[in-house]
Every structure is written in C-alpha cells, then in structure tokens.
Amino acid sequence: MKEGGRKQGAPSPCAACKLLRRRCAQDCVFAPYFPADEPQKFANVHKVFGASNVNKMLQDLPEHQRGDAVSSMVYEANARVRDPVYGCVGAISSLQQQIDVLQTQLAVAQAEAVHLRVRQTASLWNQGHSPTSPTYSGSPSSKIIESQAKPIFDMDMVVDHTGYVYKEDAPVGIYLVFT
C-alpha cells in the first residue's frame, strides 16, 4: 500500500530523493507528488527547473495548490524536453493554428449553406411557389415573409483565404463576415 509516494513499512525513497541520491525524510516535500514508480516525471522537472527551484516553489505555495503546480511543471518540463526552444508555447501555437484552420473551414461551410438557401429560395420564387405556400417543403429557417414583394435574385459568393465572404455585386469595402 502506498502513502505519500512511499510504501508503508518500508522506507522507499520518492523519485526525487532517489535521483538526487539522498535519504527521503518523513516530511519530504517531493514525496506526495513524485512517487518512486514514476522516476521520469521528476527527472524531466529536475532537468528543466532544478531540484532547488522546485523545492522553493513548492514550499512557497499552500498545500492545496502544490498538486496543480507540480502538474504544470511536469507539463512544461515534458514540453521543453520535446521542444527545447518553444516548449509549451510551441504546442499552444500549433493548437491555435489548428483552431484558425477550423474556423476558416466553418466560415466556408456557413457561407455555402447561406448560398444554397438563397439559391433554393430564388428557385422557388422563379417557379412561382411562395416559400409559405403548402407546396413548399423547405426548412423553417429558409422561409421568408410572404408579403415581401421583391423577388430574391440569384447571387454568387466567393470566399477568399482569410475567411471573408464577398457578395459579387457589393460595393468595395462591404463584406459579409461569418464568425
């Protein structure tokens, strides 16, 4: 049975004390967070931050915040070992780029949906069907007010690489933007 990173009854040092080759005291600050069966966890943290700095950081924090601090240090240390130049920032930057690509794809899909709804409504008007008539089978979101006298003209939209959608005949500087 484990308690605080050590086996009960047998004085097994925590991963930190084992790496530092020192005796693991009963009140060792590392023991609860760096158990003996996870030596690489402390090895990376020690390599990036240094045992003395980790010890100071943990002692300066209230006990209820130490677990989160250790998790953050382990994450940053592992990221620094994988990418010594950028560390966590490299991972965050990569995720931000993925978000940007997905937001652009979403904007394109939304523009295509609007374009299809406009074409469907224009097609119904050209066939003489009112979107509110009983023969109309479109979605409720594509219905327009029956009292609208002007027909909806067919329009084409072009999406550029920045995610902005341009109406073909719109004056310069007016854009339809989907976010």
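Rings of Phe, Tyr and Trp (for Trp, the six-membered ring) count as a pair if their centres lie within 6.5 Å. The legends below refer to a predicted model.

**View 1. Aromatic cluster of F30, F34 and F42.** By the pairing rule, the count comes to three aromatic pairs. A pair of aromatic rings is described by the distance of the centres and the angle of the planes.

**View 2. The largest nonpolar core.** This core has 21 residues, and those with the most contacts inside it are C14, F30, F34 and L58. Helices α1 (15-20), α2 (39-49), α3 (51-60) and α4 each supply at least two of its residues. Five residues, the largest share, come from α4.

**View 3. Surroundings of C14.** With neighbours within four places in sequence left aside, C14 is in contact with C24, C28, F30, A31, F34 and A36. Two of these partners, F30 and F34, are listed with C14 among the core residues with the most contacts.

**View 4. Y75 in helix α4.** Y75 has a relative accessible area of 48% and is therefore partly exposed, since exposed requires over 50%. Beyond four places in sequence, Y75 is in contact with C88 and A91. N44 and Y75 are 31 residues apart in sequence, with a C-alpha to C-alpha distance of 9.5 Å.

**View 5. Nonpolar surface patch of V85, Y86 and V89.** The patch covers about 340 Å². Y86 lies in the loop between α4 (63-82) and α5 (88-126). Y86 counts as exposed because its relative accessibility is 52%, and the cut-off is over 50%.

Technical notes: Residues numbered from 1 in each chain as written. Predicted model: local features only at pLDDT ≥ 70, side-chain atom pairs only at ≥ 80, totals over all residues. Heavy atoms only, no water. Patch = residues over 30% accessible without salt bridge, like charges linked within 9 Å, V, L, I, M, F, W, Y side chains within 5 Å. Areas by Shrake-Rupley, 256 points an atom, 1.4 Å probe, with all protein chains shown as cover. Salt bridge = Lys/Arg side-chain N within 4 Å of Asp/Glu carboxyl O. Helix = DSSP H or I, 4+ residues; strand = E, 2+ residues; numbered from the N terminus. Buried < 20%, exposed > 50% of the residue type's maximum accessible area, 1.4 Å probe, protein only. Phe/Tyr/Trp six-rings, centres within 6.5 Å; stacked < 30°, edge-to-face > 60°. Core = buried A, V, L, I, M, F, W, Y, C linked by side-chain atoms within 4.5 Å. Contact = heavy atoms within 4.5 Å.
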